[in-house]
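Dear colleague,

Please find below the sequence and structure that I am handing over to you. My notes on the findings follow directly after it.

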Amino acid sequence: MDLLGSILKSMDKPPTTSDKQKELMKKQREEYQKRQKVEAEKLKLFREKVEETINKFLQDDNAKDYKFTTMDQLHRSIVHDVAEVANVWAYSFGQEGVDRHIMIFKREHAPSEDQLNTLRKGEEWNEEVAKRLKEERARKAREEAEYAKSKKQKDDFVPNSYYKDKYQHLIGKEAALEAARKTEANSSYGCVPSKNKKDQRSIEQTLADIRAKKRKLEMNNETSSDKSTK
């Protein structure tokens with residue numbers, strides 16, 4: 001017990017926060033809160049300035065769009081929020097950390113896709129650019145229409161001469177017509193007239209013809225045998 005007591009007494013006690021340290025920590029906390037308050041006040045003033053700018057923009061009948069200066073993401077979020085409340089279009093353009101900025105547009109002067117694409121490329125938008133892009137779209141539309149028309153004409157092509165007339169100067173008109181009739185395609189027999197392939201005889205007539213051919217063949221064989229015997 002005495003040994004344990006001596007060990008505990010020999011151990012260092014945990015450091016205690018001095019009044020000076022407490023005062024320093026309190027001062028730092030107050031400075032932080034003060035900076036936060038100052039930043040909040042700056043953002044409030046910035047929002048009020050943005051609201052004033054957008055109100056003037058809406059009251060100007062000649063204004064169609066307005067470009068804000070380059071700003072960071074926090075300030076851009078405030079501009080977007082005010083623009084949404086004011087019911088105007090707001091788009092961000094440019095590279096982050098370099099020249100990222102916001103442009104707003106009145107609802108009745110909403111930007112076209114050509115204008116947005118041009119601004120996203122970092123290029124200037126003006127009447128000359130709009131005219132050039134409009135002409136390019138019109139030219140492309142004409143080319144597509146001409147291509148579709150040409151394709152349709154090709155699909156609907158009808159030869160201006162019939163194949164029966166092709167050989168008239170060689171074999172005559174009547175012969176050409178007769179040859180064409182004989183070689184007209186048939187779904188069942190190809191290019192041979194079906195009447196040439198269809199047997200018109202009855203079954204009885206067919207059997208009688210077969211028997212007659214058989215008797216004739218036998219008689220020819222008997223005649224041949226008699227001649228060879230003599």
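**Findings**

The unreviewed UniProt entry annotates residues 126-153 as a "coiled-coil region". Please bear in mind that the model is predicted. Over residues 126-153 the chain is 96% helix and 0% strand in this model, with 41 Å between the end C-alpha atoms.

The interior may be of interest to you as well. In soluble globular proteins, nonpolar side chains tend to be buried together. The largest nonpolar core here comprises 15 residues, and V50, I54, F68, V79 and I104 are those with the most contacts inside it. At least two residues of this core come from each of α2 (19-59), α3 (73-86) and β3. Leaving out residues up to four places away in sequence, V50 touches F68, V79 and V82. Another core, of five residues, lies apart from the largest one; F93, M103, F105 and L119 are among its members.

I would also draw your attention to one histidine, H101, which belongs to strand β3 (residues 101-105). Is H101 buried or exposed? Its relative accessibility is 11%, and because the limit for a buried residue is under 20%, H101 counts as buried. The side chain of H101 reaches the backbone oxygen of D99 at a distance of 2.9 Å. Beyond its neighbours within four places in sequence, H101 is in contact with K67, F68, T69 and T70, and also with Y91, S92, F93 and G94. Among these partners, F68 belongs to the largest core, whereas F93 belongs to the other core.

With kind regards

Terms used
Residues are numbered from 1 along each chain as its sequence is written. This is a predicted model: local features need pLDDT of at least 70, side-chain atom pairs count only at pLDDT 80 or more; totals for chains, interfaces and linings use all residues. Side-chain values use heavy atoms; hydrogens and water are left out. UniProt positions are given in the numbering used here, feature names are shortened, and annotations may be inferred rather than shown by experiment. Helices (H or I, at least four residues) and strands (E, at least two) are DSSP runs, numbered from the N terminus. Buried means under 20% relative accessible area, exposed over 50%, partly exposed in between (1.4 Å probe, protein chains only). A polar contact is a pair of N or O atoms within 3.5 Å; within protein, one must be able to donate a hydrogen and the other to accept it, and residues adjacent in sequence count only if both atoms are side-chain atoms. Contact means heavy atoms within 4.5 Å. A nonpolar core is a set of buried Ala, Val, Leu, Ile, Met, Phe, Trp, Tyr and Cys residues joined through side-chain atoms within 4.5 Å.
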